[in-house]
Structures are given as structure tokens and as C-alpha cells.
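Thank you all for coming; I would like to walk through one structure with you this morning. Please have the sequence and the model open while I talk.

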Amino acid sequence: LDTAQAYGDAELVLGRCLPFEHSFKIISKLKHQHKSQFCKEDVIQWNDSFRQSLQNLALPSLDGFLVHSTLELAKPGASFLVDWLHSLKDQGLVRRIGLSIYESADLSEANLSDFDLIQLPLSLYDQRMLRDGTLDYLQGLRIDIHVRSVYLQGLLLAPSRQWPEWISEEAKAHHQKLERLSSHLGCSLLDLALQFVRSLEAVEAVVLGVCDPTQLDALLQAWAGPSLPSSLVWKEWAMPDQAILDPRSWPR
């Protein structure tokens, strides 16, 4: 289960609702630090917030703990943060420490030998980090890879007629082509989105969200569904339009 200190009361809700004995692996994230630089005293605050996370989740330790933004690693005194993260591992409070990134360039701020896990965006339409070799590079470093935004903020699962007006006609035509493929194969857009990420051997886990039990059932059925034809060439579906691939650039 993927959560974060910045996700409202999500940690508290999970701690309250999870069974006493469960097999979920929990990954959380350090909330964004507004300070322009770090010092030794910040370790006290980080320790307090981490202990609060454990208390909220009713857990003695976490499977993973991520830095929410690599911008933290570019600040003066970032070594205090990295050393503190390693101390969590040394104490057995987390199994893996890692980073959440938006694009390959974010990795330039990090000494990757310090980290065990990278969470990154990847989808049938957004294959940037697959095409530029980032996934192969991380796998070569034996860093675990978790992918998110598999639905591209829901666009990949929505009919093209429901796409926002600001999206180019070229991008809409691309999606209409995928809709036709879905109809031809007798599968859903969800099936295609999931089969793509399942085909990537470098990926350890996929971060997926659901809003209700019906969506969860549909997700589980699609995940366990039959494989699609091996003749499918996934790389043909990559979109080159940066404006649609990075939701941070979308109009409000």
C-alpha cells in the first residue's frame, strides 16, 4: 500500500482500518520540506514525523520510505537527510529507502548508490523512461522500480470524446486508434494499460488507485485476465507530446 505523510489523514485511516495481522507491505513518503537548507537539528523533526507515521499506521516498521521530491537532495545540507534515511535502515525501521521522481533528469540530483527504490511515472502512452534507457539503467544498479500514473491521470481509460479540449487533435486521434484496437481484440482499455506494464520485467510493482469496491474488482479481474496477443508492439503506442505526458504542465 502506497501512502505519504502529505496525504491528509491517509496514514491514520490505514492504521485504523487494517486488520491486526495483515501481510500488506506499506510504503510512505517524507512530506515536502519547505526549508531552503538542512542542518543537524532537522533530524529531530524528521525523527518525530517518522515516529508519528509509524504510530498512525500502527506498525513497527515500513517496507519503504521515499523522498517525495529530488529537489530536497539539491539543497545545502542534504547529506543530513541522506544520513538520516540510512539511519532508519540501520535501526530496522525501514527495509528500503528511495525516491519519487517525475522524469529522468530528476535522478541527476541523487547519488543512486544511497537508494534501493525508485517510484516513477510510466504508461502505455508515457514511455519516456523506457525509451531513454532509465529503466535498464536502474535495473543494472539493482534498484527496485515501482511505476505510477499507469492510466495517465485517467486519460488512458477515458473515451476520446471525453478528453479535454486543450488536448491536440493528433493526440485524440492516437487514442481513438487505441480504442479501435481495444474493440478489435475484445478487451478494455484497462486491459491494455495493465498488460503493458506487466510486460516490463524491470518493474517490481505497479501503483494503482481505486475509488470503490467495483473498481477494485474490475482491476483484479483485468490483472488476472488472459494475456493479449504477443504480436502487439507496445512501443508503437508511445506519445511524443510532452504537453500531455507531464500532468504538471496541464492547464488548471
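How much space lies in the largest pocket? The answer is about 840 Å³, where a volume is the space filled by probe spheres set on grid points that are joined across faces, edges and corners. By pocket I mean, on a 1 Å grid over the protein atoms alone, an open set of points where a 1.4 Å probe fits, with protein on both sides within 12 Å along at least five of seven lines, and lining residues are those with an atom within 4 Å of a point.

Before going further, some bookkeeping: this is a predicted model, in which local features need pLDDT of at least 70 and side-chain atom pairs count only at pLDDT 80 or more, while totals for chains, interfaces and linings use all residues. Residues are numbered from 1 along each chain as its sequence is written, and side-chain values use heavy atoms, with hydrogens and water left out.

Back to the largest pocket, then, which is lined by 25 residues, with L1, D2, V206, V207 and L208 lying nearest its centre. The elements that contribute two or more residues to this lining are α1 (10–17), β6 (205–206) and α8 (213–224), and the largest share, four residues, comes from α8. Helices here are DSSP runs of H or I with at least four residues, and strands are runs of E with at least two, numbered from the N terminus. By class, the lining of the largest pocket divides into 16 nonpolar, four polar and five charged residues, with Ala, Val, Leu, Ile, Met, Phe, Trp, Tyr, Cys and Pro counted as nonpolar, Asp, Glu, Lys and Arg as charged, and the others, Gly among them, as polar.

The second largest pocket has a volume of about 360 Å³, and among its 16 lining residues R148, S149, Q153, V207 and G209 lie nearest the centre. Its lining has seven nonpolar, six polar and three charged residues.

Most residues other than glycine have a negative phi. Q153 is exposed, with a relative accessible area of 52%, where exposed means over 50%, buried under 20%, and partly exposed in between, using a 1.4 Å probe and protein chains only. A58, in the loop between α2 and β2, likewise has a positive phi, near 55°, and at 56% relative accessibility A58 counts as exposed.

Now to the fold: how many helices and strands does the protein chain have? The secondary structure comes to nine helices and six strands. The six strands form an open sheet with parallel pairing, in the order β1-β2-β3-β4-β5-β6, and β1 and β6 stand at the edges with a single partner strand each, so one side of each is left without a neighbour in the sheet. Two strands pair if DSSP finds at least two bridges between them; β1 (residues 27–30) and β2 (residues 62–67) pair over four, with K29 opposite L66 in β2.

Finally, N56 is found in helix α2, and at 17% relative accessibility N56 counts as buried. Across the protein chain, 46% of the 252 residues count as buried.
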